[in-house]
Amino acid sequence: MIESLLVANRGEIARRIIRTAKRLGIRAIAVHSEADADLPFVTEADEAVCVGPANPAQSYRNVEAILAAAKSTGAQAIHPGYGFLSENADFARTVQSSGLIWVGPGADAITAMGDKINARNLMAAAGVPVAPGTTDPAADLAAAVAAATEIGYPVMVKAAAGGGGMGMAVANDEGQLATEYDKVRAFAERMFGDGSVLIERYFPRVRHVEVQILGLADGRVVALGERECSVQRRNQKLVEESPSPAVSPELRERFLAAAVRAGEAVGYRNAGTVECLLDPTTGEFFFLEMNTRLQVEHPVTELVYGVDLVEEQLRVAAGLAPTFDPDALAPRGHAIELRINAEDPKRFLPGPGAIRTWVEPTGEGVRVDSGYVEGNTVTPFYDSLMAKLIVNGADRAEAIERARTAVAQFQLAGPKNNLPFFAELLENEEFLTGDYDTGIVSRMR
């Protein structure tokens, strides 16, 4: 097993990776910005190195500073968490060429799946269902209009290099397409350094369902069930649950088989997620993208399948067999994750600030992965995620009841937060029946 691990991330995911590393007897090394010096992940690590000021480009995305920290601390491996450098193929290559172990998929897989158009084409060739859309970037507006005319309105205009719900817009007609095409292209250039745009079919009513895959050290790819991620604001997830209440046993079998084919098509190793859109009317599903990293919502899979995905990542990176029997994977019970963000619960605008009160809920079936404690300050420099509240029960009804209790028990004062939204959602009839889609939040507002 790996003996020392540098976590190239921050907040709750850094803290969560450090927790598993220390349980396994691995020396855990944190890197942090000046703004994060007092956060729990820094104090809980065996060693910590400041890699720069608050600006992520000068700290958490500063490759030279992170590699220097790895060298000075004698780190054997680097885990990138999610976000920041986690899906940067050049960083993965640099880590490995520096003689370090990269805890993630190979750089070639990251490159192959990082471009949405290339990923769509690869998946289609592998027999994974893809939504109607362009097979090459829409080079200009005329090409976008021609593609949309062939596909049929409404269409989704997407940044080919985008991710995390960013760089996406819906166009209902040619006039709207002209506006959104220019906006998405400019945004993609600014955010991703790549203005390539694709056009694909837009589903007015759709569910977002994803499959957790794990590429094992022996070359096999296995699927650890699906997660429902349809409670979203601005195309970004707020709630995830597993299993999906929309997926029947027969549909689950097809979902998981397609996800395994997707991983096999790129020789995938380590943890990844195959994201799909599910048409609840027809039961059709289509490949959306593959996230070549550990997902924010991985805890719901951990609770339902009884595995520690970070441990499995470390074992794959070290060339070791998994702790579980790949031929005997089976879900048990139901899990729900609520993302506790520093944002107002109505318009979901960021609301950073000093944490005056922070008391996490406890009890059977309750888990909290948090990045903060009382007395810390949520700064405006990073994502608004403060903690993940995860509950599990014997079935969905029990998980929902435990979520209600946990939300009511969570004492949080200082930054604005979305706990009131979750209290409302957990009483919403649409959510309670399980018959909801990606428009549920907009209908609640």
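Start by selecting strand β13, residues 285-291: it is mostly covered, with seven of its seven residues buried (buried means under 20% relative accessible area with a 1.4 Å probe, protein chains only). Before moving on, note that this is a predicted model, where local features need pLDDT of at least 70, side-chain atom pairs count only at pLDDT 80 or more, and totals for chains, interfaces and linings use all residues. Residues are numbered from 1 along each chain as its sequence is written, and side-chain values use heavy atoms, with hydrogens and water left out. Helices (H or I, at least four residues) and strands (E, at least two) are DSSP runs numbered from the N terminus.

Pick Leu-277 and you'll find Phe-286 of β13 as its bridge partner. The two strands form a hairpin with six residues between them, and Gly-283 in the turn has a positive phi of about 80°.

Next stop: helix α6, residues 116-125. Colour its buried residues, Lys-116, Ile-117, Ala-119, Arg-120 and Met-123. They cover an arc of only 160° around the axis, so they sit on the same side of α6 (the arc is that of the directions from the helix axis to the C-beta atoms). What covers them includes β13 again, along with α5, β6, β8 and α9.

Follow that list to α5, residues 107-114, and bring up α4, residues 89-97: their axes come within 8 Å and cross at roughly 175°. Axes are lines fitted to C-alpha atoms, for helices over the stretch in contact, and angles run from 0 to 180 degrees between N-to-C directions. The two helices are therefore roughly antiparallel (over 145 degrees). Show side chains for Ala-89, Ala-92 and Arg-93 of α4 and Ala-107, Asp-108, Ile-110 and Thr-111 of α5, which make the contact (heavy atoms within 4.5 Å).

Last, select β6 (155-159) and β8 (197-201). With β7 they form an open sheet of three strands, in the order β7-β6-β8 with antiparallel pairing. At the edges are β7 (168-171) and β8, each pairing on one side only, and the twist averages 25° from one strand to the next. Four bridges join β6 to β7; look for Lys-158 opposite Met-168 in β7.

Finish with two helices on this sheet. Helix α7 (141-151) lies across β6 and β8, at about 15° to β8, while α8 (174-192) lies across β6, β7 and β8, at about 20° to β6.

Terms used
Parallel < 35°, antiparallel > 145°, perpendicular 65-115°, else oblique. Buried < 20%, exposed > 50% of the residue type's maximum accessible area, 1.4 Å probe, protein only. Pairing = 2+ DSSP bridges.
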